[in-house]
Amino acid sequence: MSEKVLMKGNEVLAESAMRAGCKYFFGYPITPQTELSAYMSKHMPKIGGTFLQAESEVAAINMVYGAAAAGARVMTSSSSPGISLKSEGVSYIAGADLPAVIINVMRGGPGLGSIQPSQSDYWQATKALGHGDFQMVVYAPSTVQEMADYVAKAFDVADEYRTPVMILLDGLLGQMMEPVELPEPKADIPDKPWACTGTKGERAHNVVNSLYLDADLLDQTNRERYERYDKIKAAEQISEEYLCDDADIVVVAFGAAARIARNAVNAAREQGIKAGLFRPITLWPFPVDALEKTVAHARGYLTVEMKMGQMVDDVRLVVAGRAPVVFYGRTGGVIPTPAEVLDAIVAFDQKVGE
Amino acid sequence: MAKMIVDDAFCKGCGLCVDACPLHIVELDQDKITDKGYHPAHCIDMDACTGCCSCALMCPDVAITVWR
Amino acid sequence: MEQKEEKVVFERPDALLPVVTNFCPGCTHGIVHRLVAETIDELGIEGKTVGVTPVGCSVMGYNFFGCDMVEAAHGRAPAVATGIKRVNPDNIVFAYQGDGDLASIGTAETVHAATRGENITIIFINNAIYGMTGGQMAPTSLPHQVTQTSPYGRDTASAGYPVRICEMLSTLDGPAYLERVTVDTPANVRKAKKAIKKAFQNQVDGVGYSLIEVVSTCPTNWGMTPQESFTWMRENMLPYYPLGVYRDVLAEGHESVAAAAAERAKDSKIVAEGGAA
């Protein structure tokens, strides 16, 4: 066990990645993920790794594609507008079945938006980061410790399923300092016999590719990929339930919003409202199995989001009309206060109690 | 004896070899149609071929093998 | 029976798989593919070569080259090649790109891979048109050239002027070797081969970024026979895109790319004295 150290979230993401065997980082400056790139630029050379500031987000993600094709553990990071630029490369990474880790430290949008914390890239991350039929695993840490843990896990999951994995957090978490126990450096990185490292005259050539001119072949490839997604859905859902066992009102929130919601849930309990917090940690696959277990007793669901309620759709898909599902949130970088959320819980409790 | 042989499976009948041959002994065979529907190139006077490889150098389909 | 023992003096290189290409009859892509494959054979590097072929007529390259191959998004080959090379510097990494790819949608990737002096080899097919999509105006289409999207001829008042890549990249400190060649005659094919081989040898020797621009044709989309295409290319393209060496740091007497760059900026204090300790 290593000692706890006080570190900033963005720097923990970088340090944890290097400890997970990531020796290649390609990025482009953007607020509010800047400390991550700066940390990489300072520390990558010390471990014989590569930090490269690319000419654009588009180039950075394509360098990630190349490095992943060459068999390396590789990462890039950005913030919302930069992630949009990366979407082309993410689609190709998914289409070529390459493992890679992408970090999005979200800021307010759309467009240039704000540089304040936001969660408004939820749909983009979980539904459509790029063209075509594909998904990627999305982790939403809520503490600096979870940032360390899920970056490390992201590399393993990316390799296991040959898929891009995203760490999705808001600028609040990126800038936050908390004590953290960093993961032990990883020594054994899985072999990648499919990687393009040269045939050495010993095998037929490897091809990393997402182009299929034969429609039936592409159909078959996509179906095989979705069978893999089914395995991910079965094995990789993660959530935290807080006071959910007997909850009438289940508050659903992730990331920084979940930290605020937890305070509000405690305050609601003090007022005699049986509130609980359901916190998805994997946003894709959405933790439908655990949320389903709450449906038997919950009288209503309130999502608390730093966006215009995008996640509320996924909650509604699980609840499927068996209880009311509403949303409370702020956008543009405005962080909801615990008092605001408590008011929303109280009002919702009264409504479902009628 | 030098010679050039065209592999009809690769030849697309573009005729770049015809232009390249300094002895003008390569032609497209109008009596023959390949599986892909092209008139393939062939040497009309193999005894004259010097094996200079000009035809092969210009062939975009690497259809020509030259012996010398 | 033959009187003399014959030897094969020209055959398909091993590095080129025995596959019929998707290229149209008379397309010069096939010649350049062969020159790349011959080079790989002659340098004995097939086992450590990784090719990158992006979108365009070269997109199916992974079916034709026997080395490991990575398909790239449109324009992104230099970035993808950078990623591959940084992970395995002992690999020989080449990108094979057309003009729309390299000089339009991928201009940023092209310029920055060049200015970083990535130790990679770029083969650039300039045929002044988008072939794969059916003959649209390319960044290298000539003034007045009629294409599907310049039906009245390229109007420089609205569409601007063609990009001369070798000239543009020659202003940068990063490239080691830039040469423009063509493949319209056996003699020029031999010259092109020499240039391509040097561009790969440079990478093997660690000399640095090398780009060979091959002025090429597109008989199908130009609406000409292969023979007419060469005539059109010689009359119109070669005066606009003159053949020759645009950069060769070693031949210019420099010890290396870095030495040439330092020499050029020797009056800059930070360049001369070095940065932070």
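## Exercises on a sheet, a helix and an interface

In chain A, five strands make an open sheet of mixed pairing, in the order β10-β12-β11-β14-β15. The model is predicted: local features need pLDDT of at least 70, side-chain atom pairs count only at pLDDT 80 or more, and totals for chains, interfaces and linings use all residues. Residues are numbered from 1 along each chain as its sequence is written, with chains lettered from A and ligands numbered from 1 in the order in which they are written.

**Exercise 1.** Find the edge strands of the chain A sheet and the helices that pack on it.

*Solution.* Step 1: strands are DSSP runs of E of at least two residues and helices runs of H or I of at least four, numbered from the N terminus; two strands pair if DSSP finds at least two bridges between them.

Step 2: β10 (239-242) and β15 (325-329) of chain A each pair on one side only, which makes them the edge strands. The average twist from one strand to the next is 20°.

Step 3: β14 (300-305) of chain A runs parallel to β15(A), joined to it by five bridges. Here A:Leu302 is opposite A:Val326.

Step 4: helix α9 (255-270) of chain A touches β10, β11 (249-252), β12 (275-280) and β14 of chain A, and its direction makes about 165° with that of β12(A). Axes are lines fitted to C-alpha atoms, for helices over the stretch in contact, with angles from 0 to 180 degrees between N-to-C directions. Helix α11 (311-319) of chain A lies across β11, β14 and β15 of chain A, at about 160° to β14(A).

**Exercise 2.** Which residues of helix α2 (34-43) of chain A are buried, and what covers them?

*Solution.* Step 1: a residue is buried if 20 or more other C-beta atoms, placed from the backbone, lie within 10 Å of its own. A:Leu36, A:Ser37, A:Tyr39 and A:Met40 are buried.

Step 2: down the axis of α2(A), these residues fall within an arc of 160° (taken from the directions from axis to C-beta atoms), so they line one face of the helix.

Step 3: the cover includes α1 (9-19), β2 (24-27), β3 (50-53), β4 (74-78) and β5 (100-106) of chain A.

**Exercise 3.** Describe the side of chain C that touches chain B.

*Solution.* Step 1: contact requires C-beta atoms, placed from the backbone, within 7 Å. By this criterion, 25 residues of chain C contact 25 residues of chain B.

Step 2: α1(C) gives the largest share of that side of chain C, four residues.

Step 3: strand β4 (64-67) of chain B pairs with β1(C) in the antiparallel sense over two bridges. B:Val66 stands opposite C:Phe10.

Technical notes
Contact = placed C-beta atoms within 7 Å. Buried ≥ 20, exposed ≤ 12 C-beta atoms within 10 Å, placed from the backbone.
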